[in-house]
Amino acid sequence: LRMGQIGFTNSALTAFAQNNDFFLSFHYDNIVGIDNMGELYLGGSIERDAADTLIVHAKPMSSYVKFEDSQWDLAESDILYRSGEARFDNFLIYNGDQSINIHGGVSPAKTDTLVLDINKVDLDIINHFTGKDYGIKGLASGRALLSSPLKGDLIALLNLACDSLAVAGEDAGLLRMAVAWDKKADKVSAFLRDNVGGTDALNIKGSYSASDKKLNIPAIADGLKVALFSPLIPDSITGLGGSLNGEFTASGNLDSLVLGSKLANIENGRLKIAYTGVDYKLGGPFHINKEGLAFDDFSITDTEGGYALLNGGITFNSMKDFNLNTRISLNNLMIFGNKSGTVYGDLFASGDVRLEGPPDNIYADANVYTNKAGVIHVALGGASSASVGDLLTFTDHNDSRVDPYEEMLLEILQQEATRKKSEASNLTAHARIVATPDLEAVVELD
């Protein structure tokens, strides 16, 4: 059984109905990729009154969901829907001191208030559903209110605090957020502050007008941890670190948004390219305006004293029509440094690289040469035969039987890989590469 990107194994869905009453149950003992199990139960009735008004009475029953070493319980509660109105009588999900509670109601015409209370929810639960452990930690508490009548002077409020927040091992301090939507005033106001060690690393105050779709968001970053952006970075980049500084703005109509920056820079940045095994330090100024994002002699250094300067960046028009216009000047920069694997060794390069074009049709022009003493090892080992393909493809002819269920999952993964391949970008490369005598290539036969 699959729900969107979530797959359930050993699951069973049961439905029963008699007259106006119904009963549903759902059992499973694992979500694909997550070690857990759960049992969910729901009873209730569906009927119409003398005025032929639809009435739905749902009654969540005692249920539970386990995530590895923790269990979330669903308490018994009542939910009533009638003629566009809904009421929640203490809908509660809890795990020890952690809880999520919904109570109150909403109505299109009557006065009412719906309340969502969040108490000390451990943000580590996010890591279970991202497919990758981003090291997100912290406790979230807060309250959201929605006032009725929905067709009248609706007001929505949100106040949320994330204490002891951390992402990818970096301390992100205390994050506070508040949002207010006043339908009568036609305005959404938002506030976000991230305080680390007594200093506001991020301060955002903004507003949005729903009628004309105009946004106004000024933001100030002062030592904001770059690691907070780890969930947005491809898996091929790890060890993201450093701090972001500067003043940033986003204003105008959503269809023609204008971005801006002042004194923007990254300090003590770092990252590692997984495919090459190279750790880099980076930092320097950059700027954002209505024409795009550009780096200004942005420095990239390796652990061996090599460096590169990055200029240019990405041009766009109202956050549309993205195009690369990037130049990288290399000076003895380590571009490969794997210490093990089929291909390993050290490789250094100097020269110039230029990247241009839209993301789906990138043109790369490289004029580089190797320098410094470098050795690249290519290990060919094992009793299996090897065939030559795009690079080197190793084959294993051992007979193995595939379980029918595993075969089905494999087919799903292959379909997804085919879809992603069909959406892949085109890359046209024009390269002039000179290998100097200092570079040594070794083929190892085991």
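Reader: Of the contacts in the chain with a separation of 6 or more, what percentage do residues 24 or more positions apart account for?
Author: Happy to start there: this is a predicted model, where local features need pLDDT of at least 70 and side-chain atom pairs count only at pLDDT 80 or more, while totals for chains, interfaces and linings use all residues. Numbering runs from 1 along each chain as its sequence is written, and side-chain values use heavy atoms, with hydrogens and water left out. A contact means heavy atoms within 4.5 Å. Among contacts in the chain with a separation of 6 or more, the share from residues 24 or more positions apart is 39%.

Reader: How many helices and strands does the chain have?
Author: Both kinds of element are DSSP runs numbered from the N terminus: helices are H or I with at least four residues, strands are E with at least two. By that count, the chain has 1 helix and 33 strands.

Reader: Is I300 buried or exposed?
Author: I300 lies in strand 23, residues 292-301. Its contacts beyond four places in sequence include Y280, L282, Y307 and L333, and the C-alpha atoms of I300 and L333 are 8.7 Å apart although 33 residues separate them in sequence. Buried means under 20% relative accessible area, exposed over 50%, and partly exposed in between (1.4 Å probe, protein chains only). At 19%, I300 therefore counts as buried.

Reader: What distance, N to O, goes with the salt bridge between D112 and R87?
Author: A salt bridge here is a side-chain nitrogen of Lys or Arg within 4 Å of a carboxyl oxygen of Asp or Glu. The structure holds 12 of them. For D112 and R87, the N to O distance is 2.6 Å.

Reader: How many residues apart in sequence are the parts that D112 and R87 tie together?
Author: R87 is partly exposed, at 42% relative accessibility. D112 sits in strand 13 (residues 112-122) and R87 in strand 11 (residues 85-95), so the pair ties together parts whose separation in sequence is 25 residues.

Reader: Which residue is linked with E170 and K225 in a network of salt bridges?
Author: The side chains of K225 and E170 meet in a salt bridge of 4.0 Å, N to O. This pair links distant parts of the chain, 55 residues apart, with K225 in strand 19 (residues 214-225) and E170 in strand 16 (residues 170-182). E170 is buried, with a relative accessible area of 15%, whereas K225 is partly exposed at 28%. The network that links E170 and K225 also holds R270.

Reader: What is the relative accessible area of R48?
Author: The side chain of R48 meets that of D52 in a salt bridge of 3.8 Å, N to O. R48 counts as partly exposed because its relative accessible area is 49%.
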